[in-house]
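Thanks for coming, everyone. Please bring the structure up on your screens, and we will walk through it together.

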Amino acid sequence: MKPVPFNYFAPTSVEEALDKLAELGYDGKILAGGQSLVPAMNFRMARPGALVDLNNIPELAYIKPTSEGGLAIGTMTRDSKVEHDPKVIEMFPLLGEVMPNIAHAQIRNRGTFGGSIAHADPAGQLPAISIALDANLFIQSKSKERWVKATDFFTGPFMTVLDPDDMLVEIVLPPHLPHTGSSYQQVSRQRGGYAQAAVASVVTLDDQNRCKEARVVLISVGDTPILSARAKEILVGQKPTAEAFKEVAQAIAANEIDPATDIHATADYRRHLVEVLVERSLTIAFDRAKKGV
Amino acid sequence: MAGKYFGQPILRNEDAQLLSGKARFIDDIDLPGMLHAAFLRSDFAHARIKKIDYSAALKRSGVVAVYTAEDFGDFWRPGPLQVPPPTAIKGSVFNARTLVPIAKDKVRFSGEPLAVIIAESRYIAEDAFDDIIVEIEPLDAVNDLEKALEPGAPLVHEDLDSNLAADVVQERGNYEEARAKADVVISRKILVNRNAGAALENRGFVVEWEERSRQMTVWATTQAPIPLRNTIAARMGLFENQVRVITPFIGGGFGPKIMTSQADDVLLPWIAMKLKRPIKWIEDRRENFLATTSERDQVHYAEIALTKEGTILGVKDVFYHNTGAYDPYGMTVPLNTQTHTVSNYRVPNFYTQIKMVFTNQMVVTPVRGAGRPQGVFVMERLMDAAARELNMDPAEIRMKNLLIPDEFPLRTGIIGQDFVEGVLDSGNYKKNLEKTMEIVGYEKFRKEIQPKLRAEGKHVGIGIVTFTEGTAVGPYEGARVTIGANGKVNVATGISTQGQGHFTSFAQIVAEQVGIDVKDINVVTGDTAHFHWGAGTFASRGAAVAGSAIHNAAVKVREKIFSLASKIFEEPEENLEVGDGKVWVKSNPSQSMLLGDLALRANPTRGTIEPGVEPGLEATAYYGPPYGATGAGAVAMIVNLDPETMQVKVEHFVIVHDCGTAINPMILEGQVYGGISMGIGNAFYEKMVYDDNGQLLSASFMDYLMPQATDMPAKMELGHLVTTTPLNTLGIKGVGEAGAIPTPAAFVQAVEDALHGQVEIMESNLNPSRIFEYLQKKQ
Ligand SMILES: Cc1cc2nc3c(=O)[nH]c(=O)nc-3n(C[C@H](O)[C@H](O)[C@H](O)COP(=O)(O)OP(=O)(O)OC[C@H]3O[C@@H](n4cnc5c(N)ncnc54)[C@H](O)[C@@H]3O)c2cc1C
């Protein structure tokens, strides 16, 4: 369980890092918190020729308000920083619910917000949450820079639109509309373990208490996080009812997910869990939207 | 029995060093010129080796040597049979196929070593894996215990005509006659899953050969330092005193560290001698999962015959036991299953048959519990099935059949792992159960709480089981107790320590006799230069067997103190008292002497001594029981099951345990709690899963789920009962495996109860998905 030989670079600015990444091309890999990359290297599943360590670039770790009233989070912001930031929790209660479920405290002290999204683990929470919160991702390389919506970012398991010389730099979370509620529901085998299935719901009501927007994202039951189309179709424009939640839950479980069987759970069980969790999360999210929390 | 030191919950001597990070573990050992070993392991479970070409590896910078089986010449041979089969069981079959140090011609399990690489660093050694070309012809793997014995099954050992490793029948009374008289007979197929030992620290081995003094020093994480030293010496053609085995602090043992014939044990001393450089190997987690040892999977066909009042007439159990690719540890595990199936209940007629099977899987040797949890699981499941059939309460049917103290000592008629007929020495099994029911509030839960919670739609269930733990088996252990001129005591014993608190509990035994504070007593375990007779730390025997030897030695030292002081003070021995590090005359306390000074006087360097007097305030003693002492207990567990997600929470856990005298109640509690967490792990989290090709699918902590603090019961209560064993002076029985033994049986029972008895579960490891499957099948 030792990695293959690799080169190591520790740039101190974004510019220097982007230069290095451009120079290394397919040989280079960004090292953020290292909580996923380093174990993969020790198992020799990942064999990068060189690491570009972002840990010496202080300018990549921040949480700051945006002019639109949202939040911008620097890619190297540690998960534990996000977890304990009062502004984050106030503006995005969903993150307050989600963060403590990511691994264990020690891992959140090292793991980074951007690293988790870039890693694109279909069982990871933050890729899904970036979709649920409709995040905008700022990506830079030596030769170009661009904004990509979280919904367009993930292309497969551990795969994204990032090129080898790209760096995810910032994650921007737009502010919630009024009458928005959210809920996160997860089942994992153990506290801190990856989700066997999880659901993040962010819903908004209009003045007549009808559903105006419903973002229901499924975790760990497909190649990427899945933003449910059926939830939107069934709920938007309607009064939220228990029957509607059930209908959404059944529609998602039957049509929108592709859970796998592994040594911990059958696909059938995961499908069943999704149904249970969607219903639970919609019930809570709409309740919160109503109460304005 | 409690004294000033003995029986007290004293803080542990070793903790300051451990908690401040100053303890030396094996990976802390760093010797000048040290090389590092890595084992290239087979990806196939069953295959013929055609060719291994390592020429490219030798060219890699930093690689010093590479060896395959052929390179060891005559030194390559199958390892010793570490535990032979008992000869007392007539008509039994046992086919010994002991572990080979490195695969030759054929691979028999995935993870078996193919080549050993020696390099300047472990990194380089692992880089060289990619340089080695292995040509292999894969064979069909043997995995299923029952199919393995069918004609035409692929053979793990082709010189045998089947995969049968052992076939052992033991019987007392006559089961078939009992069955003919029974009102009810219940038969079930019962499955027990496979678990790892999964100690926090993996195995490790460092060896240095000193050419000029012709001395070999080995640092190892072994549970059996003396047997390891003896086998290394024998293999290397050295005298025992040319090999010193030292066990540093060890991060947990749980069984798999008992082996003395793993690849590192055998090959690294030979290589170190050849290369004349120290060599280090630290097992990584993947290797630990694939290729140490593990345990527990069995398939039982069990049957219980009862009267309609619920009195047991007989039990029959025919079971398949997986021994893995080799059977170096004999039949210890399945014999423990045989002795523990019916041990706490009155079962006049008992037929038990082992069919031990070779498979293309990692070798099986004891893991905490060592066959006992399987026996208890089978019996407790039969009891539950019987209770349901007879419409009895699970507690009631147990109470009715438990043995009572008047029946002890009770000869069981079943030969155990220590080769002798099991005898239940003492205990109060009904009291264990009564007390458990009282603490958990059994009646109230059944009559008031559960119905009320069920009415609210909650799925709560209770499990209640009883068990015994055969402990403290022979053959023997020894110890030497020495008071130094510094007034402190050195205690040396042959067993090794993996976290059990021996540095404190053994000191407490000695302190009580010699009147020197526990803090001033230094206990040395597992260093063959300090004590070189003994068997090792296993079968919950450290406290009872080594502890008794230590007690005997300490008593002798006490006698020496009195005898010498009596001469010096010219006072009869009865007039003397010892305590606080000195000896004094009772009637005149000012006439006293520090024990350190007395120790100096006990070792005169001029003059003469009386014939027969041995020097020093030192004594050596041994202890070996005629048979093991049997601990016992009962467990109750209340669980809450979410009927939608099938998540199970253990709300309340009660264990009443009887291990005779407690040396240190706090350490004892730690042992029991640790066992319970392992039991919860075994029941709901830990599971080694092999696929049809013999690949281990759970070879990392990503997939092998260890119980966490957050998985422990919300409320835990521990009750003690003390019935001392007549087998040793201190009245101690072992406790090391207690918690692990009954827990899966209680868990499964509680889950069934939480599901209102809708399903019957006859397997020992569950998870939410599996519970969901049971309910789906039901619909
Ligand atoms: C025991 C354990 C349990 C865990 N449990 C969970 C869990 O329950 N849920 C969960 O979501 N995660 C879990 N994780 C993963 C953890 O959250 C990781 O930290 C996270 O997924 C990756 O973040 P990182 O900062 O450690 O990234 P790294 O490991 O450093 O990098 C991961 C990948 O992303 C790339 N990368 C990182 N930053 C950037 C960037 N700015 N631009 C482009 N590419 C980048 C790297 O090159 C690498 O390929 C667990 C990890 C461990 C060790």
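**Domains, chain contact and ligand**

Let me start with chain A, which is divided into domain 1 (7-53), domain 2 (58-173) and domain 3 (180-291). These bounds come from an automatic or database domain assignment. Between domain 1 of chain A and domain 3 of chain A, the C-alpha centres are 36 Å apart.

Some ground rules. This is a predicted model, where local features need pLDDT of at least 70, side-chain atom pairs count only at pLDDT 80 or more, and totals for chains, interfaces and linings use all residues. Residues are numbered from 1 along each chain as its sequence is written, chains are lettered from A and ligands numbered from 1 in the order in which they are written, and side-chain values use heavy atoms, with hydrogens and water left out.

Now the ligand. How many residues surround the ligand? The number is 29, and the closest are Ile30(A), Gly34(A), Leu37(A), Thr112(A) and Gln125(A). A residue is near the ligand if one of its heavy atoms lies within 4 Å of it.

Which elements supply this shell? Strand 2 (28-31), helix 7 (113-119) and strand 10 (167-173) of chain A each give at least two residues. Helix 7 of chain A gives the most, with four residues. Helices (H or I, at least four residues) and strands (E, at least two) are DSSP runs, numbered from the N terminus.

By type, the shell has 13 nonpolar residues, 15 polar and one charged. Here Ala, Val, Leu, Ile, Met, Phe, Trp, Tyr, Cys and Pro count as nonpolar, Asp, Glu, Lys and Arg as charged, and the others, Gly among them, as polar.

Next, the N and O atoms. An oxygen atom of the ligand lies 2.6 Å from a backbone N or O atom of Gly34(A). A side-chain N or O atom of Thr75(A) is 3.1 Å from a nitrogen atom of the ligand. At Leu168(A), a backbone N or O atom lies 2.9 Å from a nitrogen atom of the ligand. How much of the ligand does the protein cover? On its own, the ligand has 960 Å² of accessible area (Shrake-Rupley method, 1.4 Å probe), and the protein covers 89% of that.

On to the two chains. In contact (heavy atoms within 4.5 Å) are 25 residues of chain A and 34 residues of chain B. The two chains bury about 2,500 Å² between them, 55% of it on carbon and sulfur atoms. Buried area is the accessible area (1.4 Å probe) that two parts lose on being put together, summed over both. In chain A, Arg189(A), Gln190(A) and Ile263(A) lose the most area to chain B, together 28% of what that side buries.

Chain B also has three parts: domain 1 (198-291), domain 2 (294-473 + 626-778) and domain 3 (474-623). The C-alpha centres of domain 1 of chain B and domain 2 of chain B are 34 Å apart. Their contact takes twelve residues from domain 1 of chain B and 16 residues from domain 2 of chain B. The area buried there is about 1,100 Å², with carbon and sulfur atoms giving 75%. On the domain 1 side, Phe254(B), Met259(B) and Phe289(B) lose the most area to domain 2 of chain B, together 50% of what that side buries.

Last, some backbone details. The peptide bond from Phe408(B) to Pro409(B) is cis, with omega near -5°. Pro409(B) sits in the loop between helix 10 (394-401) and strand 19 (410-415) of chain B. Gly474(B) and Pro475(B) are also joined by a cis peptide bond, with omega about 5°.

Methods:
A polar contact is a pair of N or O atoms within 3.5 Å; within protein, one must be able to donate a hydrogen and the other to accept it, and residues adjacent in sequence count only if both atoms are side-chain atoms.
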